[in-house]
Amino acid sequence: MMRLVKNGLMYGNLMEVSSPSLVNRYNRALEHLTGRRTSLQEFHIDISGFSPEIGDELGDPLYLNPNGCNRQFILLNVAQKSAPLLNAHFSTSRSILRRFIDDNEEQLFALSIRDAVVGELVNTVFSIASPADLFDIRTIDVEADTVGGHVEAGGELTEKIDRFMNEPDGWWDDVLIAEMVELSKHTGDIIRTPIALRPQSFEQGNFYTRHYGGLYIFQDVKRTACISEKQQDIVDNLPVKHVMTLQDRREVASFLSRNKLVEPITRAGSERAESILRQKLDFIVVDTAANSGEDLSNVSRRDLRSLKRKYHRQLPDEYHALERVVRQISKGTKTPRITHENPAFFYLLRSGNHRDKQLVNMLLSQLTPLDFRQLFICHKDAFYAQYQSWSEAKKTYCAQFLAEEYVVDKVGTRTELFGPEPGMSDEHDHSDYGFGRNQGPWGAIPRDDDDDDDDDDEDDDD
């Protein structure tokens, strides 16, 4: 795995903590949350404040995520927002943390100057005893304060200021004034630098979880489903219409199509689609050649063409089916309708431009495992697991390709492969701005909801 670490493909973009003051501040926060401390004088942290080095030291990779739910976090600096989230048990956790930091960046910056901010992604479930418990996690509330309780003290001081300003005898209340002075010594000037954090609530409708071997849960679509990474009995009797596995190609294809979650890659335009699909063909060739003992270090485009000729008969069905489609695109002829029986079916799809785009592309990456680039971009845990089983030749090629072709232009590559990100109106927005969920000072906040027309609500004939 060191090959990935050296190329910035694993543990990349973590924030370094090395100054004595920050280490001490982190220890105070860690003790506040867990009752434990670290003896390390230098380590790295992700967006939640989790450190893989401290996890190794404590022998507990879930020291900030007990039972795999209600993730706790430690913010030393708002710069953490650009870091990844390691050991994530839910696909929504990082986006919630990032949104929280973005929405409260000014206040968090002011608070983190004086103390570490600690908090928790709170839901009503404190441990996952059965898969059914996952469906009870509908709303995630973000609770946060400094170790010293500055936010709570700031709220208390605000209330006393209101009393001082509005009560008729407030100006002569010596006790009230004394309490305000003492609180202000702790909070600072909250008039010039407000330290109140906006109460926020996020709805978790469709998501992926690492629990029970990996489950994709879709409950905010018209035809609900739970898709398991592997066959298992524990996902029976769940509150969804369909329960399936990644191996149930027909059922998964029907689910994605009927809920209008995917679109053909050819929608990106014939020239761009051809380029994307040709690269997928290259990745399949690399897999076959590596398994046959070929040396793939510094392989060129010309070398890949030679490998295609050499191993053409050994290439899997996915390659030959995909090659026929690419040939038709290059001729400018109409691409034939591809069904789920075709081995290339899922390689020809990408998520539509909707609020669950990242989740659907994550699912597709596991349905197209020979496309190592999409697997790395969309589902790093699955990529790392597969990487360990690859030959040294494939490991070398993949690490070099990702470092040279993806890391140098992540945004451009993602846009090329998956299209533009959905607009703000397409995102889940269930925030509480202090007036109730989705309520503003003048009533309900308008949102562009999904198509609400009545549809056949009976079980699909799959």
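Modeller: Helices are DSSP runs of H or I with at least four residues, numbered from the N terminus. Leu277 lies in one such run, helix α9. Please bear in mind that this is a predicted model.

Biologist: Is Leu277 buried or exposed?

Modeller: The term buried applies under 20% relative accessible area. Leu277 has a relative accessible area of 0% and is therefore buried.

Biologist: Which residues does helix α9 span, and where does Ser270 belong?

Modeller: Helix α9 covers residues 270–291, and Ser270 is found in it. At 49% relative accessibility, Ser270 counts as partly exposed, because the label exposed is kept for values over 50%. The C-alpha atoms of Ser270 and Ser330 are separated by 7.8 Å, while the two residues stand 60 apart along the chain.

Biologist: I turn to charged side chains. How many salt bridges are there?

Modeller: Side chains of opposite charge can pair when their charged atoms come close. A salt bridge is counted here when a side-chain nitrogen of Lys or Arg is within 4 Å of a carboxyl oxygen of Asp or Glu. By this rule the count comes to 22 salt bridges.

Biologist: Which residue forms a salt bridge with Glu274, and where do the partners lie?

Modeller: The partner of Glu274 is Arg278, with the closest N and O atoms 3.1 Å apart. Both residues lie in helix α9, four residues apart, about one turn of the helix. Arg278 is partly exposed, having a relative accessible area of 36%. Elsewhere, salt bridges that share partners join Lys81, Arg98, Asp102 and Glu105 into one network.

Biologist: With which residue does Glu263 form a salt bridge whose closest N and O atoms are 2.9 Å apart?

Modeller: That partner is Arg350. Glu263 lies in strand β11 (residues 262–264) and Arg350 in strand β12 (residues 349–351), so the pair ties together parts that are 87 residues apart in sequence. Both Glu263 and Arg350 are buried. For Glu263 the relative accessible area is 12%.

Modeller: Glu263 also meets the side chain of Arg267 in a salt bridge, at 3.5 Å from N to O. Arg267 counts as exposed, at 58% relative accessibility.

Biologist: Where is Asn298 placed, and what is its phi?

Modeller: Asn298 is in the loop between α9 and α10 (301–310). Its phi is near 60°, again a positive value in a residue other than glycine. At 61% relative accessibility, Asn298 counts as exposed.

Biologist: How many cavities of 30 Å³ or more does the structure hold?

Modeller: A cavity is a set of grid points where a 1.4 Å probe fits but cannot get out. The structure holds two cavities of 30 Å³ or more. About 120 Å³ of space lies in the largest cavity. Its lining has 15 residues, of which Asn70, Arg71, Phe90, Ser93 and Leu121 lie nearest its centre. By class, that lining divides into six nonpolar, eight polar and one charged.

Biologist: What is the volume of the second largest cavity, and which residues line it?

Modeller: The second largest cavity has a volume of about 40 Å³. Its lining residues are Leu75, Leu76, Asn77, Val78, Ile101, Leu108, Ser112 and Val117. Six of these are nonpolar and two are polar, with no charged residues.

Biologist: Lastly, which residues make the nonpolar surface patch of about 280 Å²?

Modeller: Met2, Val5 and Tyr11 make this patch. Tyr11 is found in the loop between α1 (2–6) and β1 (15–17). With 43% relative accessibility, Tyr11 counts as partly exposed.

How values were computed: Residues are numbered from 1 along each chain as its sequence is written. This is a predicted model: local features need pLDDT of at least 70, side-chain atom pairs count only at pLDDT 80 or more; totals for chains, interfaces and linings use all residues. Side-chain values use heavy atoms; hydrogens and water are left out. On a 1 Å grid over the protein atoms alone, a cavity is a set of points where a 1.4 Å probe fits but cannot get out, and a pocket is an open set with protein on both sides within 12 Å along at least five of seven lines; lining residues have an atom within 4 Å of a point. Grid points are joined across faces, edges and corners, and a volume is the space filled by probe spheres set on the points. Ala, Val, Leu, Ile, Met, Phe, Trp, Tyr, Cys and Pro count as nonpolar, Asp, Glu, Lys and Arg as charged, and the others, Gly among them, as polar. Patches are made of residues with over 30% relative accessible area and no salt bridge: like charges are joined within 9 Å, nonpolar side chains (Val, Leu, Ile, Met, Phe, Trp, Tyr) within 5 Å. Accessible areas come from the Shrake-Rupley method with a 1.4 Å probe; for residues, only the protein chains shown count as cover. Helices (H or I, at least four residues) and strands (E, at least two) are DSSP runs, numbered from the N terminus. Buried means under 20% relative accessible area, exposed over 50%, partly exposed in between (1.4 Å probe, protein chains only).
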